[in-house]
Amino acid sequence: MPGQASMQDRRRHFRCPLPAAGALARGLAAVALLGCADARALDCLVSVTGVAFGVYDAVLTTPTDATGSLVVRCTHEGGRGMRLNYTVELSPGNSGSYARREMRSGQSVLGYNLFDSATYTRVWGNGTGGSGLVAGSLVVNPGNFSVNEFRHPIYGRIPAQQSVETGAYSDTILVTLTF
């Protein structure tokens with residue numbers, strides 16, 4: 001389904017990029033995934049519901065906002081309970097810059113960004129270039145198959161009045177979960 005994505009960690013550290021859906025006609029699923037699991041009897045995964053902007057109207061004087069979510073979920077597979085501290089970073093995407101992420105449709109570019117709060121003040125990135133990491137903590141309970149999760153909203157914004165060609169714009173973002 002356009003604008004939504006979900007993948008799971010396979011108990012190995014690996015990268016699994018997920019292409020985004022288009023923005024003008026369909027929306028943006030500007031997230032991809034990376035998960036990792038350690039040897040402490042935990043099975044962790046990340047699932048993502050992409051940011052779907054819908055149709056962008058270049059005439060509007062207000063930005064186009066949309067939200068998605070990222071869920072960190074850990075299953076304890078036995079042993080004692082533990083606190084799991086983690087960070088989640090988002091790559092800059094095709095633009096290579098956190099200052100302005102870019103969706104593309106052919107040669108046309110539509111600027112946007114992803115934020116870690118509804119104030120749209122801190123770009124969600126990797127802690128460099130003016131961006132911030134999102135950190136979290138879970139108490140992972142003892143016992144077989146005890147599931148613990150935390151949901152992080154993703155706030156997307158396309159600045160107003162960008163002169164762009166009609167098309168399906170997309171970007172690819174890599175999510176990195178570190179714990």
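**Entry 1: Thr64**

I looked up Thr64 and found it in strand β6; strands (E, at least two residues) and helices (H or I, at least four) are DSSP runs, numbered from the N terminus. The model is a predicted one, in which local features need pLDDT of at least 70 and side-chain atom pairs count only at pLDDT 80 or more, while totals for chains, interfaces and linings use all residues. Residues are numbered from 1 along each chain as its sequence is written, and side-chain values use heavy atoms, with hydrogens and water left out.

Is Thr64 buried or exposed? I noted a relative accessibility of 10%, so Thr64 counts as buried. For this term I used the rule that buried means under 20% relative accessible area, exposed over 50%, and partly exposed in between, with a 1.4 Å probe and protein chains only.

I then listed the contacts of Thr64, leaving aside neighbours within four places in sequence: Phe53, Tyr56, Gly156, Arg157 and Ile158. Contact means heavy atoms within 4.5 Å.

**Entry 2: Aromatic pairs**

I searched the whole structure and recorded 3 aromatic pairs. Rings of Phe, Tyr and Trp (its six-membered ring) pair if their centres lie within 6.5 Å; planes under 30 degrees apart count as stacked, over 60 as edge-to-face and the rest as tilted.

Phe53 lies in the loop between β5 (42–49) and β6, and Tyr112 in strand β9 (residues 108–115); the pair links distant parts of the chain, 59 residues apart. I found both Phe53 and Tyr112 buried.

I also recorded Tyr120 and Tyr155 as edge-to-face, because their ring centres are 6.1 Å apart and their planes stand at 80 degrees. Tyr120 is in the loop between β9 and β10 and Tyr155 is in strand β11, so this pair ties together parts 35 residues apart in sequence. Both Tyr120 and Tyr155 are buried. Together with Phe115, Tyr120 and Tyr155 form one aromatic cluster.

What sits over the ring of Tyr120? I found the charged end of Arg157 there, 3.8 Å from the ring centre. A charge sits over a ring if NZ of Lys or CZ of Arg is within 6 Å of the ring centre and within 35 degrees of the ring normal.

**Entry 3: Salt bridges**

How many salt bridges are there? I counted 5, taking a salt bridge as a side-chain nitrogen of Lys or Arg within 4 Å of a carboxyl oxygen of Asp or Glu.

One of them joins Arg73 to Glu149, with the closest N and O atoms 2.9 Å apart. Arg73 belongs to strand β6 (residues 64–77) and Glu149 to strand β11 (residues 144–158), so far as DSSP runs define these strands; the two residues are 76 apart in the chain. Arg73 is partly exposed at 35% relative accessible area, and Glu149 is partly exposed at 37%.

I next examined Glu102. Its side chain meets that of Arg100 in a salt bridge of 3.9 Å, N to O, and Arg104 forms another with Glu102, the closest N and O atoms being 2.8 Å apart. Because they share partners, these salt bridges join Arg100, Glu102 and Arg104 into one network. Glu102 counts as buried at 18% relative accessibility, whereas Arg100 is partly exposed at 40% and Arg104 is partly exposed at 34%.

**Entry 4: Strand β7**

Which residues of strand β7 (residues 82–90) form the covered face? I listed Met82, Leu84, Tyr86, Val88 and Leu90 on the covered face, and Arg83, Asn85, Thr87 and Glu89 on the uncovered one.

I then traced the partners of β7; two strands pair if DSSP finds at least two bridges between them. With strand β10 (residues 134–140), β7 pairs in the antiparallel sense over 7 bridges, and Arg83 stands opposite Val139 in β10. Strand β13 (residues 175–178) also runs antiparallel to β7, joined by 4 bridges, and Val88 stands opposite Leu177 in β13.

**Entry 5: The whole chain**

Finally, I noted 0 helices and 13 strands in the protein chain. Buried residues make up 49% of its 179 residues. Among contacts between residues at least 6 apart in sequence, 73% join residues at least 24 apart.
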